[in-house]
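Here are my notes on this model, point by point. Please read them with the structure open.

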Protein chains: 2
Amino acid sequence: MQHLSPRQARLNARANQTIATTSGMSLGYAQANIVIVPKEYALDFYRFCTLHPKACPLLYVSEAGETSAASLGEDIDIRTDLHGYHIIRNGTAELESSSIADYWQDDFVTFYIGCSFSFEESLMSHGINMPHITAGQNVPMYLTDRELTPAGVFSGHLVVSMRALASRDVVKAVQITSSMHRVHGAPVHIGDPTQIGIHNLEAPEFGDPPALTDGMLPTFWACGVTTQQAIYNSKIPIAITHAPGKMLVTDIVNADLHFS
Amino acid sequence: MQHLSPRQARLNARANQTIATTSGMSLGYAQANIVIVPKEYALDFYRFCTLHPKACPLLYVSEAGETSAASLGEDIDIRTDLHGYHIIRNGTAELESSSIADYWQDDFVTFYIGCSFSFEESLMSHGINMPHITAGQNVPMYLTDRELTPAGVFSGHLVVSMRALASRDVVKAVQITSSMHRVHGAPVHIGDPTQIGIHNLEAPEFGDPPALTDGMLPTFWACGVTTQQAIYNSKIPIAITHAPGKMLVTDIVNADLHFS
């Protein structure tokens, strides 16, 4: 799976191949979180992203009705090229689907949002252990007490992902991710979780509980789930997101994200 | 002028105080390029910016009709707080005005775009000479042969600004500006201008001709004038930009732009 070309990964999704997650797929290439909203809500959602660039870094935004994304990859069809979608109506996830061809509207605007898989790969390539990947789990994610500036109907609190790092790796992790601002950039917090309103690291709101070890420093990055929470909070009539862990595999080379 | 608070700088503009440029005003604070378009064109202009983040880094985007910009400064009124505006109709600059209160439309969306003044200040604070500032001139700007990906009616070629740097300063200049991605980021080209379609450095399309000295390396950054050219090219019925050199002075601390 790690050696699949990005295009083949998308074709597999298009053919409804079942997988648990795209994590580890097509190593070396960036994946994207997806949020689709009707044009009526697109400007405000766009503004929400610009207000919170660490949580919502944009790789591409489509025009209304556009199903391709030429700057992200050849022959992308956003209606079929994810392994799973959530259809969300009035703030509630109505169902998961492997295609949204039947739900597509000509006024849909698609937001392609940078994903932490890119910086995780860069950290690992520099010898930094990612505990959740070693354990075969999802990264733990937490709702913080940092209230975000609303944009129209979109509001919420910052969601962060946490990786417990060896102290010797923390400086390097900051340096590496600082240059990757299109995939969440530098950490937003290092150390005491209570300072950002997290009172129990063992009970993340999303993902799997981490295996914590003495002497590790919890290191928090802004997380794309922030945008999904803003979608739920908005209660807009319809929106579509990727299903958790099932991202769009793009043709963007991860290493290039250090220089964009 | 360099010690004016940002708020006082804006109040002076609001009182129609006449100045030649905001360059050097309120040192330590970021200034913003301004582009205002009707909501009908806002999504496409926004997409053009996302496609070209080095030329069009966004500090804030308003909702339709919003005249303030709370995340950029206290009590901003974009209709009056610039020292000069260009009103552009059908792709032609119709007039320059010191206020746009009489032209305001409730469907106007305002784009606040990062400005090179921020990184110039950072470069100078690290001992790097800015030749055009020493000479009391405008930075030279050039139309390159790099065609930009269009978004709706917005298209054009990349415009760059050029600073001739001593070779010993070039590495440092790349390092400093790499972390300032919200104000154009790292250079897009260093050295031979013909490689980006510039055939006569002494004849810039915008700004003043540079004083060139042997042994200096021409260093090119993506320039906010790119967005203005896209506005002219679009020939949309109405748009408003800042008049050249007359930016919005914001409350954003320049030094913070290294970490955003």
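1. Two residues are in contact if their C-beta atoms, placed from the backbone, lie within 7 Å. The contacts below come from a predicted model.

2. Domains of chain A. Chain A splits into domain 1 (6–115 + 235–255) and domain 2 (117–226). Their C-alpha centres are 22 Å apart. Across the boundary, 23 residues of domain 1 of chain A are in contact with 22 residues of domain 2 of chain A. On the domain 1 side, β1 (29–38), α2 (39–51) and β5 (108–114) of chain A each give two or more residues. The largest share, six residues, comes from α2(A). That side of domain 1 divides into 13 nonpolar, seven polar and three charged residues.

3. Chain interface. Here 17 residues of chain B are in contact with 17 residues of chain A. On the chain B side, α2 (39–51) and β2 (58–61) of chain B are the elements that give two or more residues. α2(B) gives the most, with seven residues. The chain B side holds seven nonpolar, seven polar and three charged residues.

4. Core. The largest nonpolar core has 140 residues, and A:F45, A:V160, B:F45 and B:V160 touch the most other members. Beyond its neighbours within four places in sequence, B:V160 is in contact with residues including B:M141, B:V188, B:F220 and B:W221.

Methods
Residues are numbered from 1 along each chain as its sequence is written. Chains are lettered from A and ligands numbered from 1 in the order in which they are written. This is a predicted model: local features need pLDDT of at least 70, side-chain atom pairs count only at pLDDT 80 or more; totals for chains, interfaces and linings use all residues. A nonpolar core is a set of buried Ala, Val, Leu, Ile, Met, Phe, Trp, Tyr and Cys residues joined through C-beta atoms within 7 Å. A residue is buried if 20 or more other C-beta atoms lie within 10 Å of its own, exposed if 12 or fewer, and partly exposed in between; C-beta atoms are placed from the backbone. Helices (H or I, at least four residues) and strands (E, at least two) are DSSP runs, numbered from the N terminus. Ala, Val, Leu, Ile, Met, Phe, Trp, Tyr, Cys and Pro count as nonpolar, Asp, Glu, Lys and Arg as charged, and the others, Gly among them, as polar. Domain bounds come from an automatic or database domain assignment.
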